Amino acid sequence: MSIARNCKHAGMLMLTVALTACTYMPDTRQTRNVVLLIGDGMDAHQITIARNYLVGPTGRLALDDLPGRADVGVVTLDEQTPGVFRYVPDSANTATALATGTATSRGRVATAPRTDVDLPTIVELAAAAGYRTGVISTAEVTDATPASFVAHIAGRWCKTPRDMGRNPLCANDRVEAGGPGSIARQLAGSDLDLLLGGGREDFGEGDGSPRALAETAGFTVLTTAADLAAAPPANRWLGLFTEGNFAPRMVGEDGRTAEQVGEGGAFPAPMTCVDNPGASGQPGMLEMTRSAVARLTQDPGRGFFLMVESALIDKASHVRNPCSSIAEVAQLDEALRFLVNFADGHGETLIIVTADHTQAAQLVPNTSLYQNLGDPVHTPGRIARIQMPDGTLMGVNYATNSYFVEEHTGAHVPLHTNRPEVLAGFLTQSDVYGVMRRFLGL
Ligand SMILES: [Zn+2]
């Protein structure tokens with residue numbers, strides 16, 4: 001029961017009590033659930049680009065209708081030098097902060113800089129306290145964001161048994177060295193009730209493979225959307241729906257991405273976003289989320305923690321593909337709409353939507369406003385001039401570097417929630433972890 005209800009239902013009597021009585025107090029009599037949705041790289045530019053395309057500047061995403069908002073600072077430590085910060089994060093150190101409440105250095109998966117000490121995650125704490133737990137991603141489930149909620153390893157690229165043998169960063173965690181093994185192996189040995197996403201190739205086949213270990217540990221492996229729809233409700237689920245990452249639902253026509261301005265200042269032709277046939281057959285984020293909530297709420301009185309990652313906002317932005325980022329924000333928004341309806345009927349459900357870090361895409365004029373001055377002004381980066389549903393053009397620019405992939409950027413990230421009394425203002429990703437932990441009474 002929220003603070004608003006506590007105060008409202010208490011009536012006039014409450015007015016005689018000190019105002020502090022109306023600060024947020026968890027009602028431990030009710031089942032409590034937390035859903036953390038992470039849009040990987042979903043900064044204000046990505047949300048605005050997607051809103052403009054999907055519903056227009058005056059339309060509203062489900063995200064926009066959540067009553068609570070905050071800004072979240074991103075803290076990244078240097079691996080070598082205590083007290084030294086870095087200003088642009090990766091998905092491993094940011095997911096680690098959200099999952100464990102502890103800042104770390106880039107590339108680390110729920111481990112501390114230098115000491116390599118394992119940091120307990122909210123999934124582990126929730127499972128130990130009797131909550132159901134689930135993790136969903138449109139990336140490989142071994143990718144940094146989902147991994148940081150479940151596994152502990154010095155390097156995010158220690159994903160498979162094969163990686164363990166060839167990457168020196170993985171040395172301490174090798175099974176032969178007495179360690180817990182690769183990320184895939186750790187996921188297979190986890191207490192999760194469900195883990196849904198891509199990355200089938202990372203789990204291998206046959207004796208001793210992470211896939212075999214998962215099956216021995218009681219996971220039912222699901223590989224198609226039909227498997228998910230028919231998944232045995234009493235079993236634990238390991239959904240490996242694609243070999244690698246999911247395919248984006250939308251792409252640029254003819255595989256186009258943002259392009260450089262040509263000789264003589266010729267801007268790229270407008271680009272149309274089209275459905276990607278490669279995405280058919282894989283379950284959508286809405287389907288996975290809906291199935292997960294049904295699975296996690298089987299036992300009355302037992303709450304859950306669920307992390308859902310919309311991973312391709314980031315991956316598409318790295319390769320300057322705005323259509324795919326838009327489609328991935330749309331997927332997150334569909335899942336969110338379902339979750340908001342669920343929360344309406346389950347009063348102690350906290351929904352938090354946030355990003356791990358900001359990304360390269362910038363919403364810019366589709367041709368420079370300064371061109372009118374007579375100079376051939378254009379971006380030094382790459383631009384996509386997206387053909388909008390209403391016939392206009394929207395410019396999306398990428399210019400973090402001259403390489404074949406763009407980089408993350410380092411601004412604070414947005415946060416949206418259905419429970420404004422639980423969190424607001426400016427906080428760090430570690431603070432968000434604290435809010436979730438307190439909400440679950442852990
Ligand atoms: Zn990234």
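## Overall fold

Residues 24 or more positions apart account for 72% of the contacts in the chain with a separation of 6 or more, a contact being heavy atoms within 4.5 Å. This is a predicted model, in which local features need pLDDT of at least 70 and side-chain atom pairs count only at pLDDT 80 or more, while totals for chains, interfaces and linings use all residues. Residues are numbered from 1 along each chain as its sequence is written, and side-chain values use heavy atoms, with hydrogens and water left out.

The chain has 14 helices and 17 strands, taken as DSSP runs (H or I of at least four residues for helices, E of at least two for strands) and numbered from the N terminus. Of its 442 residues, 56% count as buried, that is, under 20% relative accessible area with a 1.4 Å probe and protein chains only.

## Zinc site

The zinc ion has as its protein donors Asp314 (OD), Asp314 (OD), His318 (NE2) and His408 (NE2), at 2.0 to 2.4 Å; donors are N, O and S atoms within 2.8 Å of the metal (3.2 Å for Na, K and Ca), and since water is not among the atoms, sites may look incomplete. Along the chain these donors follow the spacing D-x3-H-x89-H. His318 lies in helix α12 (residues 312–318) and His408 in the loop between β15 (393–398) and β16 (413–417), so the pair ties together parts that are 90 residues apart in sequence.

Both histidines count as buried, His318 at 19% relative accessibility and His408 at 14%.

Technical notes:
Buried means under 20% relative accessible area, exposed over 50%, partly exposed in between (1.4 Å probe, protein chains only).
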